[in-house]
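Have the viewer open as you read.

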Amino acid sequence: MRLLEAPLAIVDLETTGAHPVHDRVTEIAVIEVDAGEVSGEWSTLVNPETAIPAAIQALTGITNDMVAGAPRFGVLAAALQERLEGRVLVAHNARFDYGFLRHEFERAGLVYRARTLCTVRLSRRLYPEYPRHNLDSLIERHALSCRARHRAMGDAEAVWQFLRVAQAERGEEVVSVAARQVAKQPTLPAHIDRAMVDAIPDAPGVYLFYGESDAPLYVGKSIAMRTRVLSHFADDVRSAKEMQLAREVRRIDWQRTVGELGALLREAALVKELLPVFNRKLRRPAELCGFALDAKRLRLVQDFDAESLAHVHGLFRSKRAAHEALRAIADEHGLCLQTMGFDAVSTPAHGRACFRHQIGRCAGLCAGKESFAAHHARLAAALAGLKNLAWPWRGPVGVLEEDAGREASELHVVHQWCYLGAARTEREVPELLAGARRLRFDLDQYKILAKHLTGRRARVIELACTAS
């Protein structure tokens, strides 16, 4: 079907701000088009149930007094959804309007999904010789009339005029083909240059988002970087975090790796180096701790290095997490936290059972109902599942990762579960091995390497001789 023969809903919204999660709609206009002709027009002010910022009032002319008596979106939602049903949503920067509509409908308890056509992107496709494609530029370039700029119906009418002018200037078939091509492309925020994204290979690696003043925002990894980057900007993104990230990103950089292992390790290293604000999980400082068990007692240990890792049970990012894990083990195996010195409850009188025994969670070491040896043996068996992996090689190793299609390879140099770096040539290996004398244990890298090196496909080369 040709573009202007399809059922269209040309939509424009005015809002209290730019964020569809936190801001609200103040005005809606819809022009319904059927078989290339306008079949209906509808517009209304909307009570946003929040104050309109002064700068927005000055831009749109919509004041708090004007919307005070207007209907709330929830009152309009069902009728508006019926009006939009089955129509292609056409808007200038459709990502913006569609995102707001979806969130407003969701707040009203309704689900809204639609095909969209963005006239910013359509203009870029049809008129690549022009540098600017905002609505003001289109109005000036094509001599469009706009009775009320920055008001919903005035802007919607300008968009409808642009579609008709473009069809007259470029031809109905050309506009329809361009519209189909634009609709197939994943959307991007208006401030992101598509050429920047197109340059990213759909291959393994890490990508980096930067904001204003080149501030690092986010580091991600993927075996298909371009596809993953585009997914951050999808129209149907529901996460407030993803929406904020898409709004703030200004530059995208990337580093290609040979495979997934290199991407995982590089991501973990870059997050700790750059401290991007959206990587809260990987960047947060870890107060690593675990449990050490000897013949007499269980201890919480925090000062341990890579070489002593095998003597520690469990790896936790905080003492609180360690205590929670121990409590879960104690509940499952009937262990006495009070006797072990890990219960915050005040010590009971000598010979009296602890509170946990009274509620059936402790087998009764504290009450003399079992021996210390039996309790200790059960504790050791319970902790066995938390035993960290001992380093199985005599010295440093190289983990070979290859990309047969590109005839490329990387040797990931590792010692005592510590990542020393990747070598692309044999000459780079000795320099990386020098780092084995200053090992720095990292929990994220340990988890990545442990999972990979315990698999059957890992190609490991011992480098002990080279290290000497």
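At least two residues of the largest pocket's lining come from each of β1 (8-15), α1 (54-60), α4 (94-107), α5 (119-126), α7 (152-170) and α11 (240-248). Helices (H or I, at least four residues) and strands (E, at least two) are DSSP runs, numbered from the N terminus. Heads up: this is a predicted model, so local features need pLDDT of at least 70 and side-chain atom pairs count only at pLDDT 80 or more, while totals for chains, interfaces and linings use all residues. Residues are numbered from 1 along each chain as its sequence is written, and side-chain values use heavy atoms, with hydrogens and water left out.

**Pocket and cavities**

- On a 1 Å grid over the protein atoms alone, a cavity is a set of points where a 1.4 Å probe fits but cannot get out, and a pocket is an open set with protein on both sides within 12 Å along at least five of seven lines; lining residues have an atom within 4 Å of a point.
- Grid points are joined across faces, edges and corners, and a volume is the space filled by probe spheres set on the points.
- The largest pocket holds about 1000 Å³ of space; it has 36 lining residues, with A18, H92, N93, F96 and A190 the closest to its centre.
- α4 is the top contributor to that pocket's lining, with 5 residues.
- By class, the pocket lining has 16 nonpolar, 11 polar and 9 charged residues (Ala, Val, Leu, Ile, Met, Phe, Trp, Tyr, Cys and Pro are nonpolar, Asp, Glu, Lys and Arg charged, and the others, Gly among them, polar).
- The whole structure has 2 cavities of 30 Å³ or more, and the largest cavity comes in at about 70 Å³.
- α5 gives the largest share of the cavity lining, 3 residues.

**Rings**

- There are 16 aromatic pairs (Phe, Tyr and Trp rings, the six-membered one for Trp, with centres within 6.5 Å; planes under 30 degrees apart are stacked, over 60 edge-to-face, the rest tilted).
- F73 and F105 are edge-to-face, because their ring centres are 5.2 Å apart and their planes at 80 degrees.
- F73 sits in helix α3 (residues 73-84) and F105 in helix α4, so this pair ties together parts 32 residues apart in sequence.
- F105 is buried at 0% relative accessible area (buried is under 20%, exposed over 50%, partly exposed in between, with a 1.4 Å probe and protein chains only).
- W391, W393, W417, F441 and Y446 make up one aromatic cluster.
- R141's charged end sits over the ring of Y130, 4.3 Å from its centre (NZ of Lys or CZ of Arg within 6 Å of the ring centre and within 35 degrees of the ring normal).

**Salt bridges**

- The structure has 24 salt bridges (a side-chain nitrogen of Lys or Arg within 4 Å of a carboxyl oxygen of Asp or Glu).
- E32 and R83 pair up at 2.6 Å, N to O; E32 is in strand β2 and R83 in helix α3, so the bridge ties together parts 51 residues apart in sequence.
- E32 is buried at 11% relative accessibility, whereas R83 is partly exposed at 26%.
- R24, E49, E104 and R107 are linked in a salt-bridge network.
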